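Here is a friendly tour of one protein model, meant to be read with the structure open beside you. Please bring it up and follow along.

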Amino acid sequence: MSSSERLTIHQYAMALAHVASLRSEDPFRKVGAVALDKDNRVIGTAYNGLAPGYNASPEFWADRDDRRKFMIHAEVNLCSLFTRGDARLIACTTKPCTSCMQMLCAYGVKEVYYRDDYLESEADIISEHYNVQLVQLTDYPLISLPADV
């Protein structure tokens, strides 16, 4: 593979975040995230879902609005895997919500890449205030699960 065919670090991170999203149990919105350190090493991957060990009944998933308050965001799960200042770059499949962007800033993250926009988020103004680079990235390799999985 030539260097021109090699994924950029941002594409690599987003591809990993996409793969992490495939683990989400939420049937409506599957969000994945990955954290890289200053040397571009992966220090964690995470996805949105319920608290570890909690098994919801099938009825739980029927009402999206009712279950939203119980879903733990991918960024929250991700930040539980490292300490402040460890992560330089975060890639998320969806733009962080307002609270998650605040948390990423508090954790000292300097770059946040996302695929899908989230119109309800104030991440843009928060990232600008804290001088955090926030970039939409849609050009990266996608991996999908077979239909029978």
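For context, most residues other than glycine have a negative phi. Please keep in mind throughout that this is a predicted model.

N40 belongs to the loop between β1 and β2. With a relative accessibility of 27%, N40 counts as partly exposed.

**The sheet and its helix**

In what order do the five strands of the open sheet lie? The order is β2-β1-β3-β4-β5, and the pairing is mixed. The edges are formed by β2 (42-47) and β5 (133-136), each of which pairs on one side only. On average, neighbouring strands of this sheet are turned by 15 degrees against each other, direction ignored. Helix α1 (residues 9-21) packs on the sheet, where it touches β1 (32-36), β2, β3 and β4. The direction of α1 makes about 50 degrees with that of β3.

Within the sheet, β3 (residues 89-94) and β4 (residues 111-116) run parallel and are joined by five bridges. Strands of a sheet pair through backbone hydrogen bonds, either parallel or antiparallel.

T94 has its place in strand β3, and its bridge partner in β4 is D116. Is T94 buried or exposed? At 6% relative accessibility, it counts as buried, because the cut-off for that class is under 20%. Leaving aside residues up to four places away in sequence, T94 touches R29, V31, E75, Y114, D116, D117 and Y118.

**Aromatic rings**

Turning to the rings, a search of the whole structure finds three aromatic pairs. One of them is formed by F60 and W61, in an edge-to-face arrangement with 5.0 Å centre to centre and 90 degrees between the planes. Ring pairs link F60, W61 and F70 into a cluster. F60 is buried, with a relative accessible area of 17%, and W61 counts as buried at 19% relative accessibility.

**Cysteines without a bond**

How many disulfides does a search of the whole structure find? The search finds zero. C92 is in no disulfide, and the nearest cysteine sulfur, that of C100, is 7.9 Å away. For C100, the closest cysteine sulfur is in C97, at 3.6 Å.

| Residue | Relative accessibility | Class |
|---|---|---|
| C92 | 0% | buried |
| C100 | 3% | buried |
| T94 | 6% | buried |
| F60 | 17% | buried |
| W61 | 19% | buried |
| N40 | 27% | partly exposed |

Methods
Residues numbered from 1 in each chain as written. Predicted model: local features only at pLDDT ≥ 70, side-chain atom pairs only at ≥ 80, totals over all residues. Heavy atoms only, no water. Pairing = 2+ DSSP bridges. Helix = DSSP H or I, 4+ residues; strand = E, 2+ residues; numbered from the N terminus. Axes fitted to C-alpha atoms, helices over the stretch in contact; angles between N-to-C directions. Contact = heavy atoms within 4.5 Å. Phe/Tyr/Trp six-rings, centres within 6.5 Å; stacked < 30°, edge-to-face > 60°. Buried < 20%, exposed > 50% of the residue type's maximum accessible area, 1.4 Å probe, protein only. Disulfide = S-S within 2.5 Å.
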